[in-house]
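Open the model in your viewer and keep the selection tool at hand. The stops below say what to select next and what is there.

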Amino acid sequence: MLNSVGRSARCGHPLHAFATENKKHFGSQHAFDQNLLFTFIDRARKLGYTLGMVKGDSKRIVVVTGIGDFKPSEIKAVLKRRDAVAEGLRASGYDVKYFEIYQDEFFQDKRGAISEIKKLSPDCVFNLFEGFCGDSKTEVDLVRLMEEEKMPFTGNGSSALETCLNKFTTKKLLRENGIKVPSGIQVKDPADIEKNGIDFPVFIKPIFEDASLGIDKKSLAADKEELKGAIEDKLRQFPRGLIVEEFIPGREYNAGFIGGHPYELVGLSVLDYGQYPECDNFLSFKAKWEARTKEYKKLIPDILDEKDARYKNEVVEISRRASKILGCSCYFRVDCREKGEELYILDVNPNPDISPDSGFVRQANLKGLTYDQIVAKIAHYGLKAR
Ligand SMILES: Nc1ncnc2c1ncn2[C@@H]1O[C@H](COP(=O)(O)OP(=O)(O)O)[C@@H](O)[C@H]1O
Ligand SMILES: [Mg+2]
C-alpha cells in the first residue's frame, strides 16, 4: 500500500496534488507509517477520491469461513462476522471473494478445500475458519495446509494455534521460559487429585476450550469436597481433561495486539473484581455471554490508561514476551491476573473473535482504530508476512 501511494504521487496520479497539499498533515512520503496512511485514505475518501485511485492495483482477498453442524444462531454470527470483515476490506479497496468450508467435505478431503480456494486466485486468505465441533484441530489443519502451499493468510500460524489450543501445554512452555503462570495439574480422572498435594483455593477449567466454556460457580473450589464435586461434574462435560490450578485473585488484564513481534498494542483493559463484591471474582461463561445476568452487566473491563503507567508497561511487556514464546502473530489477545505485585499469564488467544462487537474490536476502537482500520491492518500483515 505504501508503495502504491508513493508511486501514485510520483507519476502524476490525480492524488498527487492531494498528497502534496496535505504534506503538512502527513509529513514526507518516507515518514508515512501505517496509521498515517489510513488517515490519509480517510481524508482522501472524504474529499471524493475513490479508493481505487488511492490504492492503485487491487489485491484479491478470499475470506474463508467454516460452516459446520452449528446452531442457526452460530451460523448467523459466523456470516455476520464474515460480511463485516469483507466490508472493511472493500473499504480499503481490496477485491473480496468468499469461500465457505463445509464440515462433511472438509473431513473427507482437506486438501480439496485448498485447491478450491486456489481457484479463486487469492493474494491472501483472510482466515476466519475456527475449526469444527468435535475436532478443534481442524482449525490447525487448514492453516498447516496453507503454510505448506505457501499461501499468504491472515491470523496465527499452525504452531501457535496448536500450542494455544491446549492450555496445559501453553502453561508448560511459558513456565519453562521464565513466565509466571498459576501452578497446577492436569486432571483426566478424579483419582488424579489424590496423587498431588493441593493448596486451596483452586480454579478448575477445561484444557481444550475457550470463551469461558465450562467456567461457572463450581470453577472456584475452596476445599477438597468442592473440588471433587466440580471435577466429577466438569469431566462429564469435558472428558478430554481439566486443569486444576492456583487461583490468582487480583485484578485481571487483557491486552490485544496486531502484527509481528514486537507487536502493535491495540487494546488494553483492566477488571478490578474488588469493585463488584456481589459478583463472582472471575469471568464465567455467563459473565461473558448471558446478557441478563448481573455478572454480564457489571463485570465490564475498564481501559487501562496512562494513570496506571506502571501496570500498563508491565502487562504489555509480559504479554509481548509470552506471545513471542508461543509464536503468536497477526492478531491475538493475552489474559493475565495479579497476585500481590506479580503478574501471572492465564490464557493466550490467537485469532480471537473480530466481530464488530467483540472485546478485541471494542478495545481497539477505544484506542482510536476504526473497524475498517483493524481489518486493513490484519490484511496488511497477512499479505506481507508470509
Ligand atoms: N488460575 C486462575 N485464577 C483466577 N482466575 C482464573 C484462572 N484461570 C482462569 N480464570 C478466570 O477464568 C476466565 C476464563 O479463563 P481462561 O483461562 O482465560 O479461559 P478462556 O479460554 O475460556 O477465556 C479468566 O478470564 C479469568 O477470569
Ligand atoms: Mg481467556
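Start with ligand 1 and select its shell: by class, nine residues are nonpolar, one is polar and nine are charged. Here Ala, Val, Leu, Ile, Met, Phe, Trp, Tyr, Cys and Pro count as nonpolar, Asp, Glu, Lys and Arg as charged, and the others, Gly among them, as polar. Of the 19 residues around ligand 1, those that come nearest are Asp 210, Ile 248, Phe 282, Leu 283 and Asp 347 (near: C-beta atom, placed from the backbone, within 6 Å).

This is a predicted model, in which local features need pLDDT of at least 70 and side-chain atom pairs count only at pLDDT 80 or more, while totals for chains, interfaces and linings use all residues. Residues are numbered from 1 along each chain as its sequence is written, and chains are lettered from A and ligands numbered from 1 in the order in which they are written.

Now colour the shell by element. Strands E5, E7, E11 (330-339) and E12 (342-350) each supply at least two of its residues. Helices (H or I, at least four residues) and strands (E, at least two) are DSSP runs, numbered from the N terminus. Domain 3 (183-246) and domain 4 (249-385) each give the shell at least three residues; the domain bounds come from an automatic or database domain assignment.

Next, select helix H12, residues 224-237. Which residues of H12 are buried? They are Leu 227, Ala 230, Ile 231 and Lys 234. Seen down the axis of H12, these fall within an arc of 105°, so they line one face of the helix (the arc is that of the directions from the helix axis to the C-beta atoms). Buried means 20 or more other C-beta atoms within 10 Å of the residue's own, exposed 12 or fewer, and partly exposed in between, with C-beta atoms placed from the backbone. On the other side of H12, Glu 225, Gly 229, Glu 232 and Arg 236 are exposed. The buried residues of H12 pack against strands E4 (184-187), E5 (202-206), E6 (220-221) and E7 (242-246); contact means C-beta atoms within 7 Å, placed from the backbone.

Move to helix H16, residues 359-366, where Phe 360, Val 361, Gln 363 and Ala 364 are buried. Down the axis of H16 they lie within an arc of 160°, so they line one face of the helix. Their packing partners are strands E8 (252-259), E9 (264-271) and E11, and helix H17 (371-385). Just after H16, select Gly 368, which takes a positive phi of about 100°.

Finish at Arg 320 in helix H15, residues 309-326. Arg 320 is partly exposed, with 18 other C-beta atoms within 10 Å. Not counting residues up to four places away in sequence, Arg 320 touches Pro 262 and Tyr 263.

Technical notes: Two residues are in contact if their C-beta atoms, placed from the backbone, lie within 7 Å.
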